[in-house]
Amino acid sequence: MVTVSTLAALAVDGLAFGASLALLGVGITLVYGLGEVLNLAIGAFAVIAAITAALLVDGGMSLPIAILAGLAFVGVFGLLVDRTLLSLVYRSEGEERILLGIFTTLGLTVLLEGIMVNYVSSRYSLPLNISPIDVGATVVTGTSAVSIVVTAVIIAVLFLFLNRTFLGKATRTIFQDERGARLVGIDPRKLRTLVFVLSAVVAGLAGILAAARSNVSVANSFQFTTFALIVSIVGGIRSLVGAVVAGLVLGLINTYANFFVGSYFATIILFGAAIVFLLVRPEVMSS
Amino acid sequence: MNTDRLPGARSLALVGILFVIAPLPVLGSGYYIGVLSRILLFALFALALNIVFGHNDQLFLFMGGLGGVGAYTTALVADSFGVTPWIGLPVAALLCGVIAMSVSWVSARRRFTVILISILTLNLQLVFSEAFIGARDLTGGSTGFPYELFSLSGVADAVGVPTAVVLYYLILAFLLAGMVLYLWLIKSSRYGIAFEAIREDELAAESIGIDVVRYKAIAGFIAGVLIAIAGTLLAREASYITPSIFTFLAVDVIALIVLIVGGIRRTYGPIVGAIIVEVIEAALGTYAANWRTAIFGGLLIILFLYFRSGVIVAAEDLLEDWDISLGGGNGGTPTEADAES
């Protein structure tokens, strides 16, 4: 018999996993909403941040600084990708651009994976060393609690940025009407760069949290990408709120399914959910 | 063959002969036979992709998964019913054909764009991949099981050649059959005309009475059958079946590169592309095995950024160069073979 406290502990772990999913979903949604590029390399960004931070910790750096450095590194890398690869993708329009975006970012993820396995081929983790927290009858792992809190803060900041600042409002204008935005003097290309870097950092945070909970290897990058894709399908590729909700719900479902029916079946449930959503509401993916 | 009924039959016969004699100079080398077999296998995958994506705008990104379903089904049917895999293979092909047809049918009914189909099939690919690992009772999990079906070694002993050579000719037979099917389907049947009309303008095609959903479903079925055969033979070539043979990166990415390199909607695009890609792969395997994945990733980016629209012209230029450098003819590059009838 499964006790209530086990179920509650599972819920916290599920939310923690869901937090990473939500961040990945937000990362992919931001870029697609703004530039119609479905960033299939987002998982590689998550892995790059996590591995960079882990290597820096191994090198003797303190954990918080290593994490910030990992995020900064993936941000700069995102900037580089945006200025080179994506500039070429943005030259085309409409469906052509979406297809081109899919293939170039897919190529990028294969390229990055192929480069990374040659240098960083082991598994990396970032233990936060936080003792479990007692909440009534339930014991919650410290890492899960931190994951949830950090994600909540970051997502809140992101929403504040998009809703309250001029830059954020300008970004949302492009989400809704690119031509209109251009007419009032907003340069979509600059904002796309900003948002792409932002999405790389958000994805990097998802990777770092995953490394904190267990460990991360190069082979995870495509897995993270598929998670991001599922979240954006279920939540709606253009909806940030949808991505957050879908991430949390799928995280819970996955963790419970993991516990009750095993991990392979749990993963199949995730993909199955995405397929069902695609079939029932295909319009969420179209522009 | 009667050239009146099958346009391009003569060119195909020539290509066939080149591939028949291709292994003769290297009969003793298992390595080169392996490379040649992989050329044929990925030509077969790319041929399926050419039909369903090139001519039908349905980007199937679950070729690995579908090929795996085909390979496992062939073995499991043969094993659990105690029949020869020659019965298992048609069952598997039919199953994969029906799966692919359902995907095409649903997608066409719901008017999915090429992007939606690609995302849908990518998700299916990942489901299949997980299922192969997870369904340990059936698939042996990630450790897999030996895959030495079709009692080829018996034939090989009787003829006095290595088993790999017999397998090569078996794959060649299937590829040539696939090519005949392609020539008939695209070049001379009403399906080819309907596919072309649908690709040009779906609404216009519908308005002149073409049943778009039906034609797309048929294209999906044919691709599914070809993919099942290619997957089964791919496992047989490895002589051991594991889920890692059928991953997205191992099959779909390579088949996509093969098709784009060779030239989408070109009759011999899949074969030409497969020769180029497998020669690159073999060269990398010898000199830079660790960088194989990275180089294919870079190749994918460059191909789609610079050669996607102009790939036919670019490939032809490229081919002329390759023709000279291949020289010896153990690949049989059919440069001018396709008369584009």
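Before I start, a word on conventions: residues are numbered from 1 along each chain as its sequence is written, while chains are lettered from A and ligands numbered from 1 in the order in which they are written. Since the model is predicted, local features need pLDDT of at least 70 and side-chain atom pairs count only at pLDDT 80 or more, whereas totals for chains, interfaces and linings use all residues.

Let me begin with chain B as a whole. Chain B holds 15 helices and two strands, where helices (H or I, at least four residues) and strands (E, at least two) are DSSP runs, numbered from the N terminus. Of its 341 residues, 52% count as buried; a residue is buried if 20 or more other C-beta atoms lie within 10 Å of its own, exposed if 12 or fewer, and partly exposed in between, with C-beta atoms placed from the backbone. Two residues are in contact if their C-beta atoms, placed in that way, lie within 7 Å, and among the contacts in chain B with a separation of 6 or more, 75% are between residues 24 or more positions apart.

Which residues have the most contacts inside the largest nonpolar core? They are Leu24(A), Ala50(A), Phe45(B) and Ala48(B), in a core of 213 residues. A nonpolar core here is a set of buried Ala, Val, Leu, Ile, Met, Phe, Trp, Tyr and Cys residues joined through C-beta atoms within 7 Å. If we leave aside neighbours within four places in sequence, Phe45(B) is in contact with Met63(B), Ile227(B), Ala230(B), Val251(B) and Ala255(B). As general background, nonpolar side chains tend to be buried together in soluble globular proteins.

Now to the place where the chains touch, to which chain A gives 34 residues and chain B gives 31 residues. On the side of chain A, helix 3 (63-89), helix 4 (94-116), helix 9 (220-235) and helix 11 (263-280) each supply at least two residues, and the largest share, 15 residues, comes from helix 4 of chain A. That side of chain A is made up of 24 nonpolar, eight polar and two charged residues, counting Ala, Val, Leu, Ile, Met, Phe, Trp, Tyr, Cys and Pro as nonpolar, Asp, Glu, Lys and Arg as charged, and the others, Gly among them, as polar.

Staying with chain A for a moment, Val218(A) sits in the loop between helix 8 (188-213) and helix 9. Is Val218(A) buried or exposed? Val218(A) is buried, because 23 other C-beta atoms lie within 10 Å. Beyond its neighbours within four places in sequence, its contacts are Val47(A), Glu113(A), Met116(A), Val117(A), Val120(A) and Ser121(A).

Although Ala194(B) and Ile210(B) are 16 residues apart in sequence, their C-alpha atoms are 6.8 Å apart in space.

Another buried residue is Ala75(B), with 26 other C-beta atoms within 10 Å, and its place is in helix 3 (residues 63-81) of chain B. Apart from neighbours within four places in sequence, Ala75(B) is in contact with Pro85(B), Gly88(B), Tyr147(B), Leu149(B) and Ile241(B).

Finally, two loop residues of chain B. Ser151(B), in the loop between strand 1 (145-146) and helix 7 (152-159), is not a glycine and yet has a positive phi of about 35 degrees; with 13 C-beta neighbours inside 10 Å, Ser151(B) counts as partly exposed. Arg265(B), in the loop between helix 12 (248-262) and helix 13 (269-287), also has a positive phi, near 65 degrees, and is partly exposed, with 17 other C-beta atoms within 10 Å.
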